[in-house]
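My notes follow in the order I looked things up.

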Amino acid sequence: MTDLLIDIENVSKKYTGADRYSLKSVNLKIYEGEKFGFFGPNGAGKTTLISILCQILPFNEGKVTYYLGSKPIEFHSIRQKIGFVPQDLALYEDLTARQNISYFGAMYNMKPNEVRKRSVELFELLGLSAVADRKVRTFSGGMKRRLNLIAGLIHEPAVVFLDEPTVGVDIQSRNAMLSFLKEINGKGTSLIYTSHHLDEAERICDRVAIIDHGDIIASGSIPQLLGENDVEDLTGLLIKLTGKEFRDNV
Amino acid sequence: MYKFWESIKKEYYLLVNDKTGLTLMFIMPLLLVLIVTVIQDSAFRMVNDNMISMLVANHDKGDKGEELEKMLGSSGMFGITNGTWAPEELNELVRNGEALTGLYIPESFSDELSTNTEQLSNLILANMGLGESDGNSLSGPGSVIFFNDAALQENYVLSITNVIRTHLSVIEVRQMLGTMYNQLGVEEIPEEVETAMLSGGIQIQRYSSAETLPTPNSTQHNVPAWTVFAMFFMVISLGTNLVLEKAGGSFLRLKAMPSSIAIVMLSKQVVYVLVGVLQVSFIFGIAWLVFPWLGLPRLTLAESNVTGLLLVVLMSSFSAVSYSLMLGAIARTQEQSNGFGAISVIIFAAIGGIWVPSFVMPEFLRLLSQLSPLHWCLESFYVLFLRGGDWAGLAKPLYILLIFSLICQFISYVKLRRDQLI
């Protein structure tokens, strides 16, 4: 195991007006260079936890510490080190792909020539070079997802949070995205990932945490968790740990 | 500063790609200004330049009816057409729109006038001890019959009948004096008396508040009014812009970035305030350059207070931006923002005096109009264009607009904060 990246200590979150906690005293350690996955049914608390780790949401109790090279990162520097690929396509549909990336790059304090250079590279890697000057509105779902990924990675973050990054995309786009993620992980970028595609998770993740009702009910490497629970795959593990009832979030 | 500049660039690209929004903000108000000004200008000219059509049926056997007719004709207010219509026919003609007014002078008009003035002068002379009363009571002055189109407003009709009454009074007084002079043995009224009588009344010295300023006309009202309306219609574009950023997740992405939502909000405001300034420049420019070519009055700008004009334009634009942001922050969907935005601006325009000047509204609507930001924008333009543009006059509307804008900004902030977007 390498250096500690994120230390989550007793983090609890209760939304204003809610009658129960969305996260209950969550404790977890994530290490540099890891490909870590959060899984669980709808409403389990995965997106809430990722939002807290990205500093989008405040939390009520506990502590989250970020490290880089075993040194804690100053609070105000954290956002520069993280990348966020949200579940929603948080893009400006009336701007071109290049204009979107230029804007997000600038918001990450990148200089125009840095953004230009990096975006050319990423457009090429994710197959968007030919359409970089087209409005996002004209893109297919897969193209938008790939651009969404580029927007979160433009500034070469130390860690990337991916909230269902491949939802609704075709097999080619998904394959390209996963290969790309593996590639950047190989270069040292940590990945923190959530998805309902458990087969995909098995391909990507080194370690996973299963969340249900705001609790982490299991965590560890995939082979370790499968062995401990005597199941063959992540689907079986999830069903065994969280049950078969529908979670319709009503 | 770099992030701010990039945010402004982003807003600019979003704006120029929003063709519907641009049409609503620039083309629609221009069409409105043109159409409404042309319509109101015709009405304005009809009232000010055209004479009031009048059918006169003079059946008088004496000369007083003709005298009245001549006086009405020479007043320059009436376009007279003569005929021998009976009262019913005259009524029918006016009702059918042949003329706006009709005047029936009966056969006995001169006789009745003479009899009445003779009786009256006898009475006056007897009271003064210069003659004897014949003991008869006054027979009454007789009458003429006036008809008017039902479409004419009551105060307008009253003005016309007052003009007729004034001319009748002149005839009556002259007749009575003539009779009195006759009874005193003087054959004719001395010329100097008649001249003094006709022109020696108390003069009305008229001063208009717009005497040294541009003359109020349809352009001076409509151009600022519809420009203000157009500024507030940016609610469609800016409201949608904000709703899409909230709903699309861009705000969340920005929250995860080492940036501030304040930069995003500020850049939106800067771009849209400039849009407001452009709207004013565009519409005022057309009204100044093109209107005279279309036969419409040229817009006259308040050259005396250029700083005031700039401040009014900026403050009006800032109010429109603040209101649009507030609606964008409150609305959950584009439909909510567009629907409520458009309807609320139309209501604000209606009560704010954009369509009908607020001084002609009933009392309660006049009070209500003070709640409309469009009313205060328009008021500040009126101060500039029709009331000399002094700072004392501008202070009140500008303060109110500033308070309105700050309230809107505060509500936007609270709402975005409650939604944990900032």
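I started with the strand pairing in chain B: strand E3 (residues 101-105) of chain B and E4(B) run antiparallel, joined over 4 bridges. For pairing I used the rule that DSSP must find at least two bridges between two strands. Helices and strands here are DSSP runs numbered from the N terminus, with helices being H or I of at least four residues and strands E of at least two. In this pair, Gly102(B) sits opposite Phe147(B) in E4(B).

Before going on, a note on ground rules. This is a predicted model, where local features need pLDDT of at least 70, side-chain atom pairs count only at pLDDT 80 or more, and totals for chains, interfaces and linings use all residues. Residues are numbered from 1 along each chain as its sequence is written, while chains are lettered from A and ligands numbered from 1 in the order in which they are written.

Angles run from 0 to 180 degrees between N-to-C directions, and axes are lines fitted to C-alpha atoms, for helices over the stretch in contact.

**Chain A sheet.** I then checked chain A, which has 9 helices and 10 strands. One open sheet of 4 strands has the order E2-E1-E4-E5 (chain A), and the pairing there is antiparallel. Strand E2 (23-31) and strand E5 (71-72) of chain A are at the edges with a single partner strand each, so one side of each has no neighbour in the sheet. Strand E1 (residues 4-13) of chain A pairs with E2(A) in the antiparallel sense over 6 bridges. Lys13(A) has Leu23(A) in E2(A) as its bridge partner. Helix H1 (residues 46-53) of chain A packs on this sheet, touching E1, E2 and strand E4 (61-68) of chain A, and its direction makes about 120° with that of E1(A). Contact means that C-beta atoms, placed from the backbone, lie within 7 Å.

**Chain A overall.** How does the radius of gyration of chain A stand against that of a compact globule? Chain A has 18 Å, which agrees with the value near 18 Å for a compact globule of 250 residues. The radius is taken over C-alpha atoms, and the globule rule is 2.2 Å times the number of residues to the power 0.38. The C-alpha trace of chain A spans about 50 × 40 × 40 Å along its principal axes. Buried residues make up 42% of the 250 residues in chain A. I call a residue buried if 20 or more other C-beta atoms lie within 10 Å of its own, exposed if 12 or fewer, and partly exposed in between, with C-beta atoms placed from the backbone.

**H3 of chain A.** In helix H3 (residues 97-107) of chain A, 10 of the 11 residues are buried, so the helix is largely enclosed by the rest of the structure. Its buried residues include Tyr103(A), Phe104(A) and Met107(A). They pack against helix H4 (112-125) and helix H5 (141-153) of chain A, together with H1 and H10 of chain B. Just after H3(A), Asn109(A) takes a positive phi of about 65°.

**Between the chains.** I counted contacts next: 20 residues of chain B touch 21 residues of chain A. Helix H1 (2-17) and helix H10 (250-255) of chain B each supply at least two residues of chain B's side. The largest share, 7 residues, comes from H1(B).

**Ser324(B).** Last stop: Ser324(B), in helix H12 (residues 306-330) of chain B. It counts as buried because it has 30 C-beta neighbours inside 10 Å. Leaving out residues up to four places away in sequence, Ser324(B) touches Met234(B), Val235(B), Leu238(B) and Gly239(B).

Methods. Two residues are in contact if their C-beta atoms, placed from the backbone, lie within 7 Å.
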